[in-house]
Amino acid sequence: MEYKLHDKIVAELPGAKVVVDDFKNDGAHFNITVESELFVGKSLLQQHQMVYKALGESLKNEVHAVSLNTKAIEK
């Protein structure tokens, strides 16, 4: 599942550095860290909305909980 979530985020946010950790080893509870230059100038709420949009249906069907950390990086 980690790879599926990782790939969805990278597809929506090209060039992002993404780390997905299934911290309970149950395929449903994840810590996700995303660093992207696409976040520059965006509020934390906007950054999180961008990631949640990328995850889409996975949040409704497969994922029980997400702890999300985002960071804007400049190139």
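**Exercise 1: Fold and overall dimensions**

From the N terminus on, the elements of this predicted model follow the order α-β-β-α-α-β. Determine how many helices and strands the protein has, and why it may be called as compact as a globular protein of its length.

*Solution.* The secondary structure consists of three helices and three strands. The globule rule gives 11 Å for 75 residues, and the radius of gyration is 12 Å, close to that value, so the protein is as compact as a globular protein of that length. Along the principal axes, the C-alpha atoms fill a box of roughly 35 × 20 × 20 Å.

**Exercise 2: Strand pairing**

State which strands β2 pairs with, and whether each pair runs parallel or antiparallel.

*Solution.* Begin with β1 (residues 17-22) and β2 (residues 29-36): six bridges join them, and they run antiparallel. Within this pair, V18 lies opposite V34 of β2. The hairpin of β1 and β2 has six residues between the strands, and N25 adopts a positive phi near 55° there. Next, take β3 (residues 65-72): eight bridges join this strand to β2, and the two run parallel. N31 has S67 in β3 as its bridge partner.

**Exercise 3: Burial, contacts and surface**

*Solution.* Buried residues amount to 31% of the 75 residues. Of the contacts with a separation of 6 or more, 56% come from residues 24 or more positions apart. Finally, the mean positions of the 9 positive and 11 negative charges lie 5 Å apart.

Conventions. Residues are numbered from 1 along each chain as its sequence is written. This is a predicted model: local features need pLDDT of at least 70, side-chain atom pairs count only at pLDDT 80 or more; totals for chains, interfaces and linings use all residues. Side-chain values use heavy atoms; hydrogens and water are left out. Helices (H or I, at least four residues) and strands (E, at least two) are DSSP runs, numbered from the N terminus. The radius of gyration is taken over C-alpha atoms; the globule rule is 2.2 Å times the number of residues to the power 0.38. Buried means under 20% relative accessible area, exposed over 50%, partly exposed in between (1.4 Å probe, protein chains only). Contact means heavy atoms within 4.5 Å. Lys and Arg count as positive and Asp and Glu as negative; His and the chain ends are not counted. The place of a charge is taken as NZ of Lys, CZ of Arg, CG of Asp or CD of Glu. Two strands pair if DSSP finds at least two bridges between them.
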